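Hello,

Here is the structure I promised to pass on. Please have a look at it first, then read my notes below.

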Amino acid sequence: MTYRNPVPTVDIIIALRDRPHQPIVLIERLNPPHGWAIVGGFVDYGERLEDAARREAQEETGLQVELIDLLGVYSDPSRDERLHTISAVYMAEAVGEPKADDDAKSVGCFAAWEIPSQLCFDHAQILQDYWRYRNYGIRPKI
């Protein structure tokens, strides 16, 4: 019998605390699926989730992030068309100028009212949950 397990990932919503309105950092993906996405990626074997989040943020944006809190865990089997992933989504803060690196085609800083409409995966839902928590203190429902 062959067992198939979901793949662990992390997503990091990075707020730039040194800018007005503390915009968040999104990347435009270089690889399919194309579009805008929250910074993130796969957890390496033997790596802690928090370390994976810091590593992915550094690799994709060049930013050193401070993890603030865990927003939630997102596990809908259809969240990623490539395979079944489970993502621990962190909220983080950083200062400085993000730059596109690794598998990021470009990087952008967006206030809540500027978020691109072409978001990958389930990131529209995640960001809706994030803004609700950031603005009103209401945590996502499980």
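Residues 5–133 are 19% helix and 38% strand, and the end C-alpha atoms of this span lie 30 Å apart. Helices (H or I, at least four residues) and strands (E, at least two) are DSSP runs, numbered from the N terminus. The UniProt annotation "domain: Nudix hydrolase", from an unreviewed entry, covers residues 5–133. UniProt positions are given in the numbering used here, feature names are shortened, and annotations may be inferred rather than shown by experiment.

A word on the source. This is a predicted model: local features need pLDDT of at least 70, side-chain atom pairs count only at pLDDT 80 or more, and totals for chains, interfaces and linings use all residues. Residues are numbered from 1 along each chain as its sequence is written, and side-chain values use heavy atoms, with hydrogens and water left out.

**Overall fold**

The protein has two helices and six strands. Along the sequence they follow the pattern β-β-β-α-β-β-β-α. The radius of gyration is 14 Å, close to the 14 Å that the globule rule gives for 142 residues, so the protein is as compact as a globular protein of that length. That radius is taken over C-alpha atoms, and the globule rule is 2.2 Å times the number of residues to the power 0.38. The C-alpha trace spans about 55 × 35 × 30 Å along its principal axes.

Buried residues make up 44% of the 142 residues. Buried means under 20% relative accessible area, exposed over 50%, partly exposed in between (1.4 Å probe, protein chains only). Take the contacts between residues at least 6 apart in sequence: 70% of them join residues at least 24 apart. Contact means heavy atoms within 4.5 Å.

**Surface and charge**

The protein exposes about 8000 Å², and carbon and sulfur atoms supply 51% of this area. Accessible areas come from the Shrake-Rupley method with a 1.4 Å probe; for residues, only the protein chains shown count as cover.

There are 15 positive and 23 negative side chains, and the centres of the two sets lie 3 Å apart. Lys and Arg count as positive and Asp and Glu as negative; His and the chain ends are not counted. The place of a charge is taken as NZ of Lys, CZ of Arg, CG of Asp or CD of Glu.

Thr9 sits in strand E1. Thr9 counts as buried because its relative accessibility is 8%. Beyond its neighbours within four places in sequence, Thr9 contacts Gly41, Phe42, Val43, Arg79, Thr85, Ile86, Ser87 and Ala88.

Asp129 belongs to helix H2 (residues 123–136). Asp129 is buried too, at 5% relative accessibility. Outside the four places on either side, its contacts are Leu71, Tyr74, Ile138 and Pro140. The C-alpha atoms of Asp129 and Arg139 are separated by 7.2 Å, with the two residues 10 apart along the chain.

**Backbone details in the loops**

A cis peptide bond joins Pro32 and Pro33, with omega about -5°. Pro33 is in the loop between strand E2 (24–29) and strand E3 (36–42).

His21 is not a glycine, yet has a positive phi of about 65°. His21 lies in the loop between strand E1 (7–16) and E2. With 56% relative accessibility, His21 is exposed.

Phe121 also has a positive phi, near 55°. Its loop runs between strand E6 (104–110) and H2. Phe121 is partly exposed, at a relative accessible area of 25%.

Best wishes
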